[in-house]
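Please walk me through this model in the viewer, telling me what to select at each stop and what I will find there.

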Amino acid sequence: MSGNHPGLSNTFIHSGEKFEWSKENLQSIKKIISRYPSERKQSAVMPLLYLAQEQNDNWISIECIETIAETLSMPKIRVTEVASFYSMYNTQPVGKNLIQVCRTSPCWLRGSNKITDTICKETKCQINETSEDNLFTVVEVECLGACSNGPMIQINNDFYEDLDETSTKQIIDNIKNDLPNKVGSQKGRRSSENA
Amino acid sequence: MSEENLINIKINHKDLQVDKNLTVMQACEIAGEEIPRFCYHDKLSIAGNCRMCLVEIEKAPKLASSCTMPLMDGMSIITNSEKVKAGRKGVMEFLLINHPLDCPICDQGGECDLQDQAMYYGFDKSRYSENKRAVENKNMGPLVNTIMTRCIHCTRCVRFATEVAGVPEIGMLGRGENAEITTYLEKSITSELSGNVIDLCPVGALTSKPYQFKARPWELKRTDSIDIFDSVGSNIRIDSRAQEILRVTPRVNESINEEWITDKVRFNYDGYYQQRIDKPYIKKSSKLEPSSWSDAIKILKSKLKNSNPLALVGEHTDLETGFAIQKFMSHFGKDNIECRTDNQSILPILDSYRFNTPIVNIEDADLVILCGTNPKIESPIINHKIFKSYNSGAEVFNIGDDILLNYPTHYLGESLSELNNDLLKKHLKKATNPILIIGSGFLNQLNSNDTIKSLFSFASKNKIISDGKNNLNFLSPYASRVGQLLLGNTSPDNCQPYTKLKKKSFDTILSFGSEHIADSAFKESFKVYFGHHGDEGAMSADIVLPTPLYTEKNGIFINIEGRPQEAKKCHNPIGEAKEEWKILKELSNQLSLNFEINTFDELRQDLSHNYPNLVNFHEIIISSNKYEDQSNISFEGSSCIYPIQNFYMSDIISKNSKTMAKCVEDILSKPLLEKSA
């Protein structure tokens, strides 16, 4: 393992580009802020961090922090604290596809180590690294809550379950070739019904 | 305390009646039980994250943290059982897991909360065989040194920055083992009170940069003194070793500075020893040359014979010196002493040149009007009190320049006549306890007394002055000002006294630490500079006489609210410096003038005989004359020029401090508070 999980780093970096909310996000922000009393609009910091991350290629730059602080009129350090606390806000840039491999006991018992090895081999990057073509970042995570369908991985917003080495390789290959992937169980199970 | 607020509790099986709004820890303190703590602090919000203050509460299954636990009727609290001790020992063991054992090289050693409490609750061996974590040190500016591996995450510094200093710049990043205290992007803290995090830190994570590796607490001699670098008179403690001051820390005084002091007085002490005037100098062919006291006095004697001298009183002059000057100058005529070299306008009553609201009451205000003052720079302690009142809902209005403070203000405009602003009127109508602060920014520019009279009328019409309370405040940034004015060391011209002064009519100018001696109007006069630091004033003088600094003699200063306090002597004067009254005594003897004082005690006795209310320490002077006249309200449209632009270099001593120079470079050269911060 080398480096740190991009969501667990306490160092923030400049992206070098100005961060401005997209039109759609501005509208969602309005809606989100309206959920809270006007003097407590800082409460919206978490959804806003999520929106910013989505808009900013899946990571939070200093520019994002500053824009959020301005939008919610709160101190920048307070936004920084929240962003650094939660591991799902990436404080470092990540590849186009953030692959999170579950390594907690149930998945591990069902062979998550092999899945990890396959992914590292196929993407040509180690844990916590980004591939040279910036297509993948591989990280290990704790339980993602799909234990009965282990071993499993999450790529960006989607779960891929009931994996084995072949299906994992297929998923990675599809991404490389820009082909669609089947989300969920790779064995044809519906949700977590009995296998 | 009303009866209904009292509840019965037991602490260590002893019955006790206390206020029901207290926490368990506060009740234990009333009962005299000492509770160990790291994160809890009287002046900060309650965090409850160090867990050191565990106590046993009967019928509760687990130990409870006493700082966060509210009291309940009938509660039985036990603070000294084996269970409590074991619990605290456990907490201590966890705290020490990642704490380096570097007490021998730690500046906090000997006065460290963690070290002290580990004596009671620590184990002598570690059961932890894994690697300790190490944290990179963070930049917090030129004043605060960080050794973050020592940090125990009590978050006192975070809460201080947010709640007291009003600059939310410090935070805790990450969580669990990755938690780290840092400033935003490791920038320097921009507060004038930032040094106080050093005292707050219960371990050695935040220590003083200038004091690093200088001394151990048990080597230091403690002297109680007061801050003379602004007019509030914060209580300080000076720690010195032999002839050198090594650090300055606050003393608690709830009616003035609570337990905070400004960075200026805390860190400018290296300037005390730079550019000092160590012996008398005499100008020979436009060059100052070292000389002896006897020569200097001889020349002075011949110059002062049949002369018409003028005395200028500086901003750091204590009461006794002022009194001695008065005694000496009375032999030469009247109206020949001036302390208002900045042209401060006054009426001949105490109420017109002091801060009439007791400093402790500022936080009760529900409306604050700042006129020509930047409290953040001129008086950070008062600024903190205004910040407190803002936090409890007060609106702050500002007239003068649109200055940036650490709380939002309603900016009304440039001219004093904005006091009649409609928005302000509307708020004044609703306010029950408004306070008005007039700063030197306007006071020094006024051309007629009518404006000050108008201010009094305005104040009484707007509930600022009403039944017994007077919230019309005049803020001068200089420590000596109120005292010297009470002594009457000023000309009777109440507006523009210095401009109106007939400077050409005096042939000899005696400057007691006033840099105004270098003014071009005195070009023709014979100039004598009594002072401790060589700068423009000394350079322009014909004779320079060394005098001690406030830390090298005893002296009374009256703070801005009119409270006499004593600055005590910490070590002997540097070089051949002599106290001013001794020099004046010597001169009087030479000139066969009457100066019957022989010792400092006699001088102070004479002072207290002539001005009994000025030596009543720690009591605010009660003003005997009230302003009654109800004149028409008219404000002149003078411009606003703030007396101090640069907090870190506002006086001759700070100008000579390397630490202050670093602050200017590091903090002021970068944009100050950014609006969104």
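**Where the chains meet**

Begin with the contact between the two chains of this predicted model, to which chain B gives 13 residues and chain A gives 12 residues. If you then colour the side of chain B that touches chain A by residue class, you will find six nonpolar, four polar and three charged residues.

**Chain A as a whole**

Next, select chain A and switch to a cartoon view, where its secondary structure amounts to seven helices and six strands. Followed along the sequence, these elements of chain A come in the order α-α-α-α-β-α-α-β-β-β-β-α-β. Chain A is as compact as a globular protein of its length, because its radius of gyration is 18 Å, close to the 16 Å that the globule rule gives for 195 residues.

**Inside chain A**

Now colour chain A by burial, and buried residues will account for 38% of its 195 residues. Among the contacts in chain A that link residues at least 6 apart in sequence, 65% join residues at least 24 apart.

**The two domains of chain A**

For the last stop, select residues 1-93 of chain A as domain 1 and residues 97-185 of chain A as domain 2. The centres of domain 1 and domain 2 of chain A, taken over C-alpha atoms, are separated by 26 Å.

Notes. Residues numbered from 1 in each chain as written. Chains lettered and ligands numbered in written order. Predicted model: local features only at pLDDT ≥ 70, side-chain atom pairs only at ≥ 80, totals over all residues. Helix = DSSP H or I, 4+ residues; strand = E, 2+ residues; numbered from the N terminus. Rg over C-alpha atoms; globule rule 2.2 N^0.38 Å. Buried ≥ 20, exposed ≤ 12 C-beta atoms within 10 Å, placed from the backbone. Contact = placed C-beta atoms within 7 Å. Domains from an automatic or database assignment. Nonpolar A, V, L, I, M, F, W, Y, C, P; charged D, E, K, R; others polar.
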